[in-house]
Amino acid sequence: MDELTADVVVAGAGPTGLMLANELALAGVDVVVLERLAARTGLSKALNLQPRTAEVLDLRGLLARAEQRSFTTVPEGHFAMIPVSYAGWDTRHPYQVGIPQAQVEAALEERLAEQGVKVLRGQALSGFTQDAGGVTVTAGDVRVRAAYLVGCDGGRSAVRKALNLPFEGFEGRGHGVSADVVFRSAPAGAPTEWRSMRNLVRSAAAPGSFVGLIPLDEPNLYRLSYGDRLNRPADLRARVTDDEVRAVVRESFGEEVEIAEIRWASRFSDDARLAGRYRVDRVFLAGDAAHTHFPAGGQGLNLGVQDAMNLGWKLAAELTGRAPAGLLDTYEAERRPVAEAVLQNVAAQTALIPASPEQRAMRLLFQDLAAIPEVRRRLSGMVSGLDIRYASEEPGPAGARLPDFPLGDGHVSDLFHSGKFVLLTTTGSASPHPDVVVARVPALPWPDLTEVLVRPDGYVATATDSVDGWLA
């Protein structure tokens with residue numbers, strides 16, 4: 001067995017784990033990434049980056065890599081497949097980036113390799129122990145001694161289970177299926193490009209059922225999604241058969257519609273669960289290991305990447321001796337309420353899949369309400385992540401997301417590529433700390449202020465140049 005040492009072990013090389021590893025490597029932290037699979041699957045899985053996730057990647061200069069691998073942008077999101085425009089939000093990225101999860105992972109792993117970190121594949125975590133000085137992790141044929149372990153290993157997380165943490169919420173009654181299918185010719189009326197959330201889903205014949213199509217990046221290649229929120233199979237892990245997929249297509253789109261190829265298919269539940277804690281001493285959870293839900297609104301991958309952004313700079317500060325006492329505890333304090341809110345909005349979305357005439361009437365009414373600008377903004381803020389604001393005892397913009405804006409030949413987001421705090425000042429203040437980037441700006445988004453200190457993840461720390469409470 002190979003004996004290794006590291007500052008942090010990241011279990012899981014999905015988008016959450018790879019984003020976290022990139023954050024740590026950027027700060028000079030020695031990180032080991034363990035992945036149980038021997039190779040990336042290449043399966044598309046999730047299909048989007050929400051506007052806030054695009055902003056997060058832009059803060060690290062990673063968005064361009066993702067966009068090179070994307071196949072579309074969509075200027076709206078959806079709430080229960082009811083389109084909600086992102087117009088009106090102060091963002092440079094008022095759109096979803098259409099990109100398969102496999103391509104997000106490829107972009108993040110490419111950047112990670114450039115930082116000298118390789119993913120150790122075929123190394124399934126089998127156990128760990130922790131003590132006052134660190135964590136010893138065993139996986140496959142390696143044993144790693146590290147200061148911290150982060151479980152980014154999915155909804156069936158081995159890390160979470162080993163911690164014996166409650167994973168509570170509610171067990172749904174239904175299920176869904178996602179499949180990538182190639183039609184011999186597209187079904188009548190199906191869009192050939194993904195440019196809108198309109199006309200992508202329809203109610204199926206049975207109450208509580210739905211079916212939808214999203215065109216992907218090849219001719220006649222579609223993401224087929226279908227499900228039933230009132231009934232689920234006896235075994236949710238049972239393989240989705242080709243016959244099942246073909247039967248749904250014939251019933252939904254006509255007997256004449258033929259499938260040439262089914263590239264993959266996966267079944268999922270409508271359960272919603274949240275880990276009782278995100279941290280147990282030296283072990284943390286992030287992404288699906290900490291929260292799972294029905295994939296309504298296209299929020300799952302995005303929630304995990306933003307978990308990683310929040311935890312990454314805090315772990316790095318702790319390991320490099322720059323973190324004040326209690327900084328690591330703010331990860332759970334900030335991110336767990338965000339996940340709770342997502343689980344709530346997902347539950348509301350599933351309730352809008354009509355299972356009765358009364359619910360159908362409610363959905364029609366909700367569609368009308370969603371067209372009201374104030375309602376549309378509320379809903380689009382939820383699913384996009386643009387409405388996230390962290391609690392702060394300080395008045396003013398503390399805890400708010402910093403909007404990106406032009407600065408010189410670029411944008412203010414360019415200042416965050418190093419992963420450091422940024423002091424934006426209209427007066428030319430000096431740096432309050434050696435790890436703070438100072439930039440003079442002509443004006444701030446808050447016109448009554450002359451300076452704000454912004455965290456590495458793009459949220460305002462304080463409306464002064466004080467680093468107290470943030471950097472030791």
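Contact here means heavy atoms within 4.5 Å. The structure is a predicted model, in which local features need pLDDT of at least 70 and side-chain atom pairs count only at pLDDT 80 or more, while totals for chains, interfaces and linings use all residues. Residues are numbered from 1 along each chain as its sequence is written, and side-chain values use heavy atoms, with hydrogens and water left out.

Leaving aside neighbours within four places in sequence, histidine 291 is in contact with Phe167, Arg273, Leu274, Tyr278, Leu303, Gly304, Asp307, Ala339 and Leu343. Histidine 291 lies in strand E21, where strands (E, at least two residues) and helices (H or I, at least four) are DSSP runs numbered from the N terminus. Histidine 291 is buried, with a relative accessible area of 1%, buried being under 20% relative accessible area with a 1.4 Å probe and protein chains only. Its side chain makes a polar contact with the side chain of aspartate 307 at 2.7 Å; such a contact is a pair of N or O atoms within 3.5 Å, one able to donate a hydrogen and the other to accept it, and residues adjacent in sequence count only if both atoms are side-chain atoms.

The elements in this account are tabulated below.

| Element | Residues |
|---|---|
| Strand E21 | residues 291-292 |
| Helix H7 | residues 300-319 |
| Helix H8 | residues 329-351 |

The axes of H7 and H8, lines fitted to C-alpha atoms over the stretch in contact, with angles from 0 to 180 degrees between N-to-C directions, come within 10 Å and cross at roughly 170°. That makes H7 roughly antiparallel to H8, a term for angles over 145 degrees. Among the residues that meet are Leu303 and Asp307 in H7, and Ala339 in H8. The buried residues of H8, including Ala339 and Leu343, pack against E21 and H7, among other elements.

Definitions and conventions:
Buried means under 20% relative accessible area, exposed over 50%, partly exposed in between (1.4 Å probe, protein chains only). Angles under 35 degrees count as roughly parallel, over 145 as roughly antiparallel, 65 to 115 as roughly perpendicular and the rest as oblique.
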